[in-house]
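I open this notebook page with a few look-ups, written down in the order I made them. The model comes first, and the entries follow.

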Amino acid sequence: MEKGSRARRVMWEAFVKIRHRLPKLEKILKEIQELGSELFDYMIITRALSDVPKHLKDVQQKCKKTFRGKTETLRANTIIIKEKVKIFQLVDRYAERTVISTVRDRTLVGHELLARGRDHEEWREKHLLKELEKIRTDQLFQSSFSWRKSKSGSSAAVSGVPGIGKTTMVQKIVYDWATGKIYPNFQFVFSFKFRDLNTINCKISLWNIILLFYPYMQNILEELCNSPEGLLFIF
C-alpha cells in the first residue's frame, strides 16, 4: 500500500513539473474527469462508425482505391531542363507540418519565418511550445473531444502563408485515410479543390457537388446523409 502511494506521489510530482510545458495533457486529463461515462459512450460510437455495412463497403473500397491513385505521388518542379517535373512517392518526400491550435497574427508569423535564418528550434521552444497546443494532422477532429460540444459535428480550419505546405498536408490526410492509417471513424471522405469548384459557374447544392465529383455515390448518398457523423468534407 505504501509503495503504491509513493508511486502515485512520484507520478503526480512529475506531472506538476511538465504540465506547463504540455498544455494539451492538462486539458485532456481535465476533460476525462468531466466526461466520465460519456468517454466510454464516445468510444462505442467511434467503433460503431468504423463498421461499414456490406453494401457500403464496396463503394468505400472504390473510394479509397481512387484516392490512393490520386494521392500516392508528388509532382515537383526541378531545375533540370530535360526533366522539368519529377514524380516522387508521397511517403518518401512528405515532411510533417507543425499545426498549432491558435490563430496567430501576421507579426508572429513573420518572426517565425525570420527565425529560420537563426536557430529555428530554439525560437520554437521559446515562443510556441510553451504557449500553444501542437496538433498532429491525425488529431484535427479528435482534439479535446470536440464531438461533445456540437451536435452538428466538428470542424477545423488550417491557415498558413502561401507555399508552406497546406495542399500537400491535405493530400497526406486523404492518402492516410485511404490506406487505413487515420480517421477510422469517418466512413467516407469527400475532398474538393477550390480550383475545381471555381469552374462551376452556377448555384449548386452540396448534394449535386458530391455527385459531380463522385458520381459512383449516386445510389448510397441519401443513406450516407442520414448518418453525417461518419462523413468528412475537406475543402
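In which helix does Arg68 lie? I find Arg68 in helix α4, residues 54-71, where helices (H or I, at least four residues) and strands (E, at least two) are DSSP runs numbered from the N terminus. I note that this is a predicted model, in which local features need pLDDT of at least 70 and side-chain atom pairs count only at pLDDT 80 or more, while totals for chains, interfaces and linings use all residues. Residues are numbered from 1 along each chain as its sequence is written, and side-chain values use heavy atoms, with hydrogens and water left out.

Entry on Arg68. I looked up its relative accessibility and got 29%, which counts as partly exposed; buried means under 20% relative accessible area, exposed over 50%, and partly exposed in between, with a 1.4 Å probe and protein chains only. Not counting residues up to four places away in sequence, Arg68 touches Ala178 and Thr179, contact meaning heavy atoms within 4.5 Å. A polar atom of the Arg68 side chain lies 3.2 Å from the backbone oxygen of Ala178. I also recorded that the C-alpha atoms of Arg68 and Tyr175 are separated by 5.8 Å, although the two residues are 107 apart along the chain.

Entry on Thr137. I located Thr137 in the loop between β4 (134-135) and α8 (166-178), and its relative accessible area of 9% makes it buried. Leaving aside neighbours within four places in sequence, I list Glu96, Val99, Met169, Ile173 and Tyr183 as the residues in contact with Thr137. With Glu96 there is a side-chain polar contact of 3.4 Å, a polar contact being a pair of N or O atoms within 3.5 Å, of which, within protein, one must be able to donate a hydrogen and the other to accept it, and residues adjacent in sequence count only if both atoms are side-chain atoms.

Entry on α10. For this helix, residues 206-213, I noted Ile209, Ile210 and Leu211 as the buried residues. The elements that these buried residues pack against are β5 (188-191), α9 (194-197), α11 (221-225) and β6 (231-234).

Entry on Phe235. I placed Phe235 in the segment after β6, and I class it as partly exposed because its relative accessible area is 49%.

Entry on the whole protein. I counted eleven helices and six strands, and of the 235 residues 30% count as buried. Of the contacts with a separation of 6 or more, 65% come from residues 24 or more positions apart.
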